[in-house]
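The sequence and the coordinates come before the text.

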Amino acid sequence: MFAFSYDKLMEPLEKKWIARVRKKIVSELEGKVLEIGAGTGANFPYYSRAKVESVVSLEPNPHMLDQAILKAKEVGLPVEFHQGMAEALPFNDGEFDTVVATLVLCSVSEPQKVFQEVRRVCKKGGKIVLFEHVRTESKSLAVLQDVLTPAWKRLCDGCHLNRDTGRYMKESGIRVVKEKKYLKGIFVEYEGLNPE
């Protein structure tokens with residue numbers, strides 16, 4: 001149910017500003033790219049502007065994966081699709097120049113393990129690009145996120161409104177070189193480098 005309603009639920013925010021952020025992020029990707037949690041393929045239309053050699057996609061939800069495959073065909077993007085979990089990436093060490101995830105790390109079950117895997121499959125000196133909603137620095141809004149998260153997780157396929165993704169990224173050893181906040185820090189764009 002969530003997979004089929006996701007695009008409709010997100011449409012107002014996508015039209016208002018998220019699509020612009022996606023377009024900017026994806027257009028700057030390079031080399032062999034791994035997209036974790038491709039969802040319904042919302043990023044796929046923007047790869048035509050990027051300097052990518054190839055795109056590999058991982059998505060755990062089979063219903064979203066079906067929609068992503070259709071989206072890739074619709075926009076003419078060749079994508080190598082895999083179904084699986086980000087905590088156990090089925091790829092070789094140092095296989096990718098760039099790893100990207102947008103609005104997905106809120107729903108993984110073990111974020112620390114995901115970042116270990118991201119570091120493993122990204123080449124040394126490679127780029128890690130994220131756009132995520134996170135626990136805000138506003139105390140009153142953070143309390144609301146904490147209160148809503150248990151019910152929100154059940155309704156929205158495991159999504160945590162209050163996840164501190166930036167902290168997990170930094171603790172993993174990824175060198176964060178860019179952190180751009182939106183909407184009182186509820187959404188954050190991160191760019192990091194996998195240390196040499």
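## Basis

This is a predicted model, in which local features need pLDDT of at least 70 and side-chain atom pairs count only at pLDDT 80 or more, while totals for chains, interfaces and linings use all residues. Residues are numbered from 1 along each chain as its sequence is written, and side-chain values use heavy atoms, with hydrogens and water left out.

## Nonpolar cores

A nonpolar core is a set of buried Ala, Val, Leu, Ile, Met, Phe, Trp, Tyr and Cys residues joined through side-chain atoms within 4.5 Å. Buried means under 20% relative accessible area, exposed over 50%, and partly exposed in between (1.4 Å probe, protein chains only). The largest such core has 25 residues, and L34 and V99 have the most contacts inside it. At least two residues each come from β1 (30–36), β2 (51–59), β4 (96–102), α3 (111–121), β5 (122–133), α5 (165–171) and β7 (187–193). Helices (H or I, at least four residues) and strands (E, at least two) are DSSP runs, numbered from the N terminus. The most is given by α3, with four residues.

Leaving aside residues up to four places away in sequence, V99 touches L34, I36, V118, V121, C122, K127, I128 and V129; contact means heavy atoms within 4.5 Å. A second, separate core has 22 residues, including W17, L29, A38 and F187.

## Aromatic pairs

There are five aromatic pairs in the structure. Rings of Phe, Tyr and Trp (its six-membered ring) pair if their centres lie within 6.5 Å; planes under 30 degrees apart count as stacked, over 60 as edge-to-face and the rest as tilted. F131 and Y182 are edge-to-face, because their ring centres are 5.9 Å apart and their planes stand at 90 degrees. F131 is in strand β5 and Y182 in strand β6 (residues 175–182), so this pair ties together parts 51 residues apart in sequence. F131 is buried at 0% relative accessible area, and Y182 is buried at 15%.

F131 also forms a stacked pair with F187, at 5.9 Å centre to centre and 20 degrees between the planes. F187 lies in strand β7 and F131 in β5, so the pair ties together parts that are 56 residues apart in sequence. F187 is buried, with a relative accessible area of 10%. Elsewhere, ring pairs link F44, Y47 and F81 into a cluster.

## Charge over a ring

R167 lies over the face of Y168, 4.7 Å from the ring centre. The criterion is NZ of Lys or CZ of Arg within 6 Å of the ring centre and within 35 degrees of the ring normal.
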